[in-house]
Amino acid sequence: MTTAGLRATTAEETRALGARLAALLAPGDLVVLSGPLGAGKTTMVQGIAEGLKVRGPITSPTFVIARVHPSLSGGPALVHVDAYRLGGTLEVDDLDLDASLEESVTVVEWGEGLVEGLSEERLEVHVDRGAEDEERRVRVTGVGPRWSGLSLT
């Protein structure tokens, strides 16, 4: 596992960090986002979407559970999932995320402890509030050989 600790002081910097992550992502990649309510997970996904150049707008899919955002540039689609309302791995299985995993980038908010079984290789991103109002501390951990050389600098 490779881990990087980062900091963003504004929502715009959080989006920019998401765009930097997007530059590393390829079809078949799974990103598991965790952190407390209001930490900036959806803001991070907005940056990932901008970097992947997919159709928006990017909003939290809390009530629809999952949204697919097709590419505008011939790249992979973004599958954006919010697992907050899911009761367990059986409900995750019902979403059939593995059906589109290979050709899309799949980002799951609140997915910690629920979706790791989808892929042995994934990025785990934990977003936490910092001391200042908009400050965010972000920990990115690459799991599996795909991410052994993870560098966000």
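**Fold and packing**

Analyst: Starting at the N terminus, the elements of the protein chain follow the order β-α-β-α-β-β-α-α-β-β-β. Helices (H or I, at least four residues) and strands (E, at least two) are DSSP runs, numbered from the N terminus. This is a predicted model, where local features need pLDDT of at least 70 and side-chain atom pairs count only at pLDDT 80 or more, while totals for chains, interfaces and linings use all residues. Residues are numbered from 1 along each chain as its sequence is written, and side-chain values use heavy atoms, with hydrogens and water left out.

User: How many helices and strands does the protein chain have?

Analyst: The protein chain has 4 helices and 7 strands.

User: What share of the residues is buried?

Analyst: Of the 153 residues in the protein chain, 48% are buried. Buried means under 20% relative accessible area, exposed over 50%, and partly exposed in between (1.4 Å probe, protein chains only).

User: And the accessible surface of the protein chain, what does that come to?

Analyst: About 7,500 Å², with 50% of it belonging to carbon and sulfur atoms. Accessible areas come from the Shrake-Rupley method with a 1.4 Å probe; for residues, only the protein chains shown count as cover.

User: At what angle do H1 and H2 pack?

Analyst: Helix H1 (residues 11-22) packs on helix H2 (residues 41-52) at about 45 degrees, and their axes are 6 Å apart. H1 is therefore oblique to H2. Angles under 35 degrees count as roughly parallel, over 145 as roughly antiparallel, 65 to 115 as roughly perpendicular and the rest as oblique. The axes are lines fitted to C-alpha atoms, for helices over the stretch in contact, and angles run from 0 to 180 degrees between N-to-C directions.

User: Which residues make the contact between H1 and H2?

Analyst: On H1, they include Ala11, Thr14, Leu17 and Gly18; on H2, they include Thr43, Met44, Gly47 and Ile48. Contact means heavy atoms within 4.5 Å. By class, the contact of H1 with H2 has 8 nonpolar, 6 polar and 2 charged residues. Ala, Val, Leu, Ile, Met, Phe, Trp, Tyr, Cys and Pro count as nonpolar, Asp, Glu, Lys and Arg as charged, and the others, Gly among them, as polar.

User: Now the backbone. Where is the cis peptide bond?

Analyst: The cis bond joins glycine 56 and proline 57, with omega at about 5 degrees. Proline 57 sits in the loop between H2 and strand S3 (66-69).

User: Which residues have a positive phi although not a glycine?

Analyst: Lysine 53 has a phi of about 60 degrees, and tryptophan 110 also has a positive phi of about 60 degrees. Most residues other than glycine have a negative phi, and most peptide bonds are trans. Lysine 53 is in the loop between H2 and S3, and tryptophan 110 is in the loop between strand S5 (104-109) and S6.

User: Is tryptophan 110 buried or partly exposed?

Analyst: Tryptophan 110 is partly exposed, at 25% relative accessibility. Lysine 53 is also partly exposed, with a relative accessible area of 49%.
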